[in-house]
Amino acid sequence: MCWRFKTMWAAVMVLRKEALDAEIISNRAVASDIYRLEARGALFAQAALPGQFLQVYINKPDLFLRRPLGIAAVDEKKGTIAMYYRVIGKGTAALARMKAGEVVNCLGPLGNGFSLAASRPLLIGGGMGLAPLLFLAQRFLGKAAVLIGGRNKAEVFWTDFFAPLTRHVFITTDDGSAGKKGFTTSLLPVLLQEYRFDALYACGPEIMMKKIATIAAEEAVPCQVSLERRMACGLGACLSCVIDAKDGGRKKVCQDGPVFWAQEVFG
Ligand SMILES: Cc1cc2nc3c(=O)[nH]c(=O)nc-3n(C[C@H](O)[C@H](O)[C@H](O)COP(=O)(O)OP(=O)(O)OC[C@H]3O[C@@H](n4cnc5c(N)ncnc54)[C@H](O)[C@@H]3O)c2cc1C
């Protein structure tokens, strides 16, 4: 009875996209200006799909709008979620000052996640785009490979986080200080020939994702991309994140995405 009630309650909360307080367990720097925040949030941990995000409310004067952050890991048993964020403005700076034991109010999980229908997936990320791909790697249970791109060795610190979750970690850096010199998009055609990946999942700079979409189309490999737009509500109401879709219509990144099939958004 108790178990049934709990399950029903979880379903109701998820359908209502409830905003819930999540107690911070840890909030620590993992690289220059990049933090990992882990918080208690059993309902988020149960409901979240890779690619979805939370709208995080930072309870400080003048920070009215919630900040969207991708879910980077969940632990269903412990009932915890983790997010990685780069300090770029006053919201993320305030978040970085928060300590274990304090509470952040989170709304979600929001948006559509990645498809898990692949047996040889390749995840491709640059910068903070790698954060949601970590959760995707976790859900692929060791089947996925990852291609990490960065400007230099310091930017590909993600390697350590992906190594336990993936079969292969490929690295490119612009300056050649780690992995292969060049962009992810230069190495991708070679990897597709060698490993015959059956799906690509990209998150990072839009120019990178567009190029990946082109390569995927040429090689006839299904490809999903995760887009980022400034958004206020995250619920499809404010329309600040609307984009033009390739079918001539409009899509809301918060609600129709942030994950799209590449051909929906890139020509
Ligand atoms: C679906 C989604 C998932 C994201 N996941 C991550 C993540 O996992 N890690 C991470 O570091 N960043 C992520 N971002 C970007 C992150 O939301 C912004 O960096 C953050 O909101 C900046 O807030 P700020 O107050 O520090 O910056 P400010 O520039 O002071 O923000 C001012 C306002 O603009 C909004 N804003 C600013 N930049 C962005 C942006 N790039 N995208 C959306 N809204 C923005 C803020 O929410 C705020 O309302 C994501 C964005 C989206 C849309």
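1. A residue is called buried if 20 or more other C-beta atoms lie within 10 Å of its own, exposed if 12 or fewer do, and partly exposed in between, with C-beta atoms placed from the backbone. R151 is partly exposed because 13 other C-beta atoms lie within 10 Å.

2. The model is predicted: local features need pLDDT of at least 70, side-chain atom pairs count only at pLDDT 80 or more, and totals for chains, interfaces and linings use all residues. Residues are numbered from 1 along each chain as its sequence is written.

3. R151 is found in the loop between β9 (145–150) and α5 (159–162); helices (H or I, at least four residues) and strands (E, at least two) are DSSP runs, numbered from the N terminus. Leaving aside neighbours within four places in sequence, R151 is in contact with T173, D174 and D175, contact being C-beta atoms, placed from the backbone, within 7 Å. K77 is 74 residues from R151 in sequence and 37 Å from R151 in space, C-alpha to C-alpha.

4. The protein is divided into domain 1 (2–110) and domain 2 (121–265), with bounds from an automatic or database domain assignment. Their centres, taken over C-alpha atoms, are separated by 22 Å. Domain 1 gives 20 residues to the contact and domain 2 gives 18 residues. On the side of domain 1 that touches domain 2, the elements giving two or more residues are β1 (19–31), β3 (53–57), β4, β5 (73–75), β6 and β7 (103–110). The largest share of that side, three residues, comes from β6.

5. The largest nonpolar core has 74 residues, and those with the most contacts inside it are M83, L134, A137, L200, A202 and I212. Such a core is a set of buried Ala, Val, Leu, Ile, Met, Phe, Trp, Tyr and Cys residues joined through C-beta atoms within 7 Å. Helix α4 (residues 130–139) provides the largest share of this core, seven residues. Both domain 1 (2–110) and domain 2 (121–265) give residues to the core, so it lies between them. Beyond neighbours within four places in sequence, M83 is in contact with L37, L69, G70, I71, A72 and A131.

6. Of the 22 residues around the ligand, G70, Y85, G89, G91 and T92 come nearest, where a residue is near a molecule or strand if its C-beta atom, placed from the backbone, lies within 6 Å of it. Elements giving two or more residues to this shell are β4 (67–70), β6 (80–86) and α3 (90–96). The shell draws at least three residues from each of domain 1 (2–110) and domain 2 (121–265).

Key. Two residues are in contact if their C-beta atoms, placed from the backbone, lie within 7 Å.
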